[in-house]
Amino acid sequence: MNFIRRHLTGSLLLALSALVSLSLPAQAQQKLVPAQSEIVFVSKQMGVPVEGYFKKFDAQVAFDPAKLPTSKIAFTVEMASATLGVPEADAELPKAVWFNVPGFPKATFQSSAIKALGGGKYEVAGQLTIKGRSNPVTVPVTLTQAGGTTTATGSFTIKRLAFAIGENQWSDTSMVADEVQVKFKLALTGVGKF
């Protein structure tokens with residue numbers, strides 16, 4: 001009797017572990033490829049576009065086009081990695097009036113809903129948190145696939161003052177515009193065919 005119980009328990013555990021591994025979605029292995037990805041931000045200073053980018057960021061993606069209600073995207077950006085390509089400007093960005101990197105080292109995005117628009121186009125709604133302030137954003141995303149890589153591209157606009165970016169004298173929008181365009185190209189592996 002003991003042998004049968006042990007055998008059944010062992011078989012049951014083996015069957016359960018096989019079921020769990022089968023039921024794990026393919027997106028569990030989805031990974032960002034940083035070397036093929038970029039996040040660019042464009043602001044206007046005195047009406048002139050100024051482009052910068054973030055050098056360090058990561059994403060946790062669980063995307064299944066057949067199961068959008070359970071798909072999730074979380075994003076983390078290292079604010080200290082921001083650069084405008086000018087050493088003097090780069091020295092200002094981490095300061096309290098701009099990104100306040102010591103107080104808020106990371107910006108995050110957490111999706112709440114993903115909507116298919118057709119033709120590889122999606123709308124991703126969620127909360128963007130910068131400098132401790134959270135605001136809802138809707139991000140248009142276009143997905144393309146080549147080989148084993150899925151590339152997500154898009155752009156959206158935020159209002160910097162809603163995130164307290166550029167405080168005190170820098171809140172004057174005639175000097176630095178309130179609107180900042182964020183453009184991205186994210187290369188992902190492990191996304192199933194769609």
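Predicted model: local features only at pLDDT ≥ 70, side-chain atom pairs only at ≥ 80, totals over all residues.
Student: How many bridges join β2 to β3?

Tutor: β3 covers residues 48-54 and runs antiparallel to β2. Count up the bridges between β2 and β3 and you get seven.

Student: Which residue takes a positive phi in the hairpin of β2 and β3?

Tutor: The hairpin has two residues between its strands. The phi in question is near 55°, and the residue that takes it is M46.

Student: Back to F54, then. Is the ring pair of F54 and F99 stacked, tilted or edge-to-face?

Tutor: The structure holds six aromatic pairs, so let's work this one out from the cut-offs. The ring centres of F54 and F99 are 6.2 Å apart, and the planes sit at 35°. Stacked needs planes under 30 degrees apart and edge-to-face needs over 60.

Student: How many residues apart are F54 and F99?

Tutor: F54 is in strand β3, while F99 is in the loop between α2 (87-92) and β7 (106-118). Both are buried. The pair links distant parts of the chain, with a separation of 45 residues.

Student: Which residue joins F54 and F99 in a cluster?

Tutor: Ring pairs do the linking here. Besides F54 and F99, the cluster takes in F41.

Student: What angle lies between the planes of F63 and Y122?

Tutor: F63 lies in the loop between β4 (57-62) and β5 (72-78) and Y122 in strand β8 (residues 121-130), so this pair ties together parts 59 residues apart in sequence. The centres are 5.4 Å apart and the pair is edge-to-face, with an angle of 90°.

Student: Are F63 and Y122 buried or exposed?

Tutor: The cut-off for buried is under 20% relative accessible area. F63 comes in at 7%, and Y122 has 9%. Both values fall under the cut-off, so F63 and Y122 are buried.

Student: Where is the pLDDT below 50?

Tutor: The chain has a mean pLDDT of 86, and 86% of its residues reach 70 or more. The stretch below 50 has six contacts beyond near neighbours in sequence, and it covers residues 1-28.

Definitions and conventions: Residues numbered from 1 in each chain as written. Heavy atoms only, no water. Pairing = 2+ DSSP bridges. Helix = DSSP H or I, 4+ residues; strand = E, 2+ residues; numbered from the N terminus. Phe/Tyr/Trp six-rings, centres within 6.5 Å; stacked < 30°, edge-to-face > 60°. Buried < 20%, exposed > 50% of the residue type's maximum accessible area, 1.4 Å probe, protein only. pLDDT = per-residue confidence, 0-100. Contact = heavy atoms within 4.5 Å.
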